[in-house]
Amino acid sequence: MPHYFRAENIEKVAGEIPTGAFSVLLSHTPEIYRQAASADFDLLLAGHTHGGQICLPGSIPITLDSVLPRRMGSGAWGYGSMTGYTSAGVGSSIVPVRFNCPPTITLHSLHCRSPLVGPVAQPHREQHAREYDLAGAEQH
């Protein structure tokens with residue numbers, strides 16, 4: 001089951017992240033957002049929902065086949081102090097069709113906001129996400 005497969009050790013994995021380090025959790029599904037936020041991850045990147053695949057005008061998903069708020073079904077979102085992003089992806093599930101939900105490939109750029117302790121200063125950290133439809137027009 002893709003919804004919670006092998007998610008039982010999130011806290012254990014998070015315990016191995018050095019104090020003060022920026023942490024990114026890659027997950028098949030965004031449904032584990034509560035666990036990820038509780039384990040103090042900074043960023044959750046996920047997919048699974050296909051953005052709803054069949055949406056009402058305005059990209060409002062009819063169903064996400066996931067247990068989570070609709071706002072987390074596609075694009076950027078936040079939960080507590082954690083930032084999340086759910087990719088609509090390029091594929092489909094069950095029926096090979098997408099309606100009001102174009103396939104997208106997202107490029108994320110993460111930059112360090114504060115200098116590291118030590119001799120090497122890092123550039124400022126900002127999170128940017130850009131979505132591109134398959135026709136090549138940037139949507140951001």
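What follows is a short chat about a predicted model of one protein chain.

Visitor: What does the secondary structure come to?
Guide: Two helices and eight strands, counting DSSP runs of H or I with at least four residues as helices and of E with at least two as strands, numbered from the N terminus. The order from the N terminus is α-β-α-β-β-β-β-β-β-β. The model is predicted, with local features needing pLDDT of at least 70 and side-chain atom pairs pLDDT 80 or more, while totals for chains, interfaces and linings use all residues. Residues are numbered from 1 along each chain as its sequence is written, and side-chain values use heavy atoms, without hydrogens and water.

Visitor: OK, how much of the chain is buried?
Guide: Of the 140 residues, 34% are buried. Buried is under 20% relative accessible area, exposed over 50%, partly exposed in between (1.4 Å probe, protein chains only).

Visitor: Which residues touch the most others in the largest nonpolar core?
Guide: Ile10, Leu25, Tyr33, Phe41, Leu44, Trp77 and Met82, out of 14 residues. Such a core is a set of buried Ala, Val, Leu, Ile, Met, Phe, Trp, Tyr and Cys residues joined through side-chain atoms within 4.5 Å.

Visitor: New topic: where is isoleucine 94?
Guide: In the loop between β6 (82-86) and β7 (104-110).

Visitor: Why does isoleucine 94 count as exposed?
Guide: Because its relative accessibility is 84%.
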